[in-house]
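Colleague: Would you have a moment to walk me through this fold? I would like to ask about it piece by piece.

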Amino acid sequence: MGSKLIICGIVIFLIVVFLMVIKRKQATVIPHDPFLPKLLVLQNWNPEAGFGFMASYCTIMADDAARKHNLKLVVCLDSGLYYENRAHFIQQHHPHIDKDANEWFSYYFKPIGIDDPQIKKLWKSGTFASFPSLADKEKHPKAAGFRYDYYAFEKRSNDLDFGAAYKRLFHLQPHVQDKIDGFCTEKHLKSYDYLIGLHARLTDKLPNAENNEDMRKAEHPSYEQLAKVVLKEAHSHQKEYPTHKIGILVVSDEQPAVDFLDAKISSHFDVIHT
């Protein structure tokens, strides 16, 4: 009896996996509307992805793919770690969060594609979910759009001009720019000829949400190592440009890191932090 139950369980599991594969391959594809451009939609396909990976790196990769395939890029990050749907938070940050078109890329940057009323209708109607992966583009030549998902990401190319991509894609929302300008003014950052930024993150030292990373293999520089690297760079620049005013901007969610670096560096150069 026990062996029969085990076999039955295995069969059910295999059926579920098979159905998932079939769903990807045979999803209903919405035909292309000739009055709309074909789309490439980036949504938050990795629930654990942070800001730098999903909003920055994946946006650049998706844009590169869209340009190569003559598609209109749409960034719609309506889930994930940075997504906010708490009523009090949305109310607190109104009008910077649109409760009727809530996706977190637009919290910080001017929207890419999703501010188009026609495209927004497709999003709200759930049409994006019917788009096949860009990795399957050749199988669906008449599709209205494609998803830039994990399978498309695996085919990415890093042979591109990241600087040009940043300038083209990322335009800060006015309220974010105001905060940055206020910080720069408060800390007199524009008075420096050379500014070194250092970002030390505690979260880089912690396992992911599933706790399935082998942190024993993770290597992180010590505070002392960080200080040495920064001082070496600052002294090298000072030697080449002796009249330059040099500052070190330290950003971290580790207060001990800020305190240590401040103590180590401030006798040589100005240290700026929040």
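Predicted model: local features only at pLDDT ≥ 70, side-chain atom pairs only at ≥ 80, totals over all residues.

Colleague: Among contacts between residues at least 6 apart in sequence, what share joins residues at least 24 apart?

Modeller: Here the pairs to look at are the contacts between residues at least 6 apart in sequence. The share of these that join residues at least 24 apart is 70%.

Colleague: Let's turn to the sheet with β1 in it. Which are its edge strands?

Modeller: This is an open sheet of 3 strands in the order β2-β1-β3, with parallel pairing. An edge strand pairs on one side only, and that holds for β2 (72-75) and β3 (145-147). The twist from one strand to the next averages 25 degrees. So the edge strands, by that pairing rule, are β2 and β3.

Colleague: And which residue of β3 stands opposite L40?

Modeller: Strand β1 (residues 39-42) runs parallel to β3, and 3 bridges join the two. Opposite L40 in that pairing stands F146.

Colleague: Which helix packs on this sheet, touching β1 and β2?

Modeller: The helix in question has a direction that makes about 165 degrees with that of β1. An angle over 145 degrees counts as roughly antiparallel. The helix, covering residues 51-68, is α2.

Colleague: Now the other sheet, please. What is its strand order?

Modeller: Strand β4 (residues 194-200) and β5 run parallel and are joined by 7 bridges, with Y194 opposite I246. On to β6 (residues 270-272): β5 pairs with this strand in the parallel sense over 3 bridges, and I248 has V271 as its bridge partner there. β4 and β6 each pair on one side only, as edge strands. The order is therefore, with parallel pairing as DSSP bridges define it, β4-β5-β6.

Colleague: Why is strand β5 described as largely enclosed by the rest of the structure?

Modeller: A residue counts as buried when its relative accessible area is under 20%. Strand β5 spans residues 246-252, and it is largely enclosed because the buried residues number 5 of the 7.

Colleague: What handedness does the unit of β5, α10 and β6 have?

Modeller: The unit is a β-α-β one, made by β5, helix α10 (residues 255-265) and β6. α10 also packs on the sheet, touching β4, β5 and β6. The handedness of the unit is right-handed.

Colleague: How do α9 and α10 sit against each other: parallel, perpendicular or oblique?

Modeller: The axes of helix α9 (residues 223-240) and α10 come within 10 Å and cross at roughly 45 degrees. That angle makes α9, relative to α10, oblique.

Colleague: Which residues of α10 do Y223, E224, L226, A227, V230 and L231 meet?

Modeller: Those residues are in α9, which passes α10 in a right-handed crossing. On the α10 side they meet P256, A257, F260, L261, K264 and I265.

How values were computed
Residues numbered from 1 in each chain as written. Heavy atoms only, no water. Buried < 20%, exposed > 50% of the residue type's maximum accessible area, 1.4 Å probe, protein only. Helix = DSSP H or I, 4+ residues; strand = E, 2+ residues; numbered from the N terminus. Right-handed = clockwise from strand over helix to strand, strands pointing away. Axes fitted to C-alpha atoms, helices over the stretch in contact; angles between N-to-C directions. Parallel < 35°, antiparallel > 145°, perpendicular 65-115°, else oblique. Left-handed = near helix turned anticlockwise from the far one by under 90°. Contact = heavy atoms within 4.5 Å.
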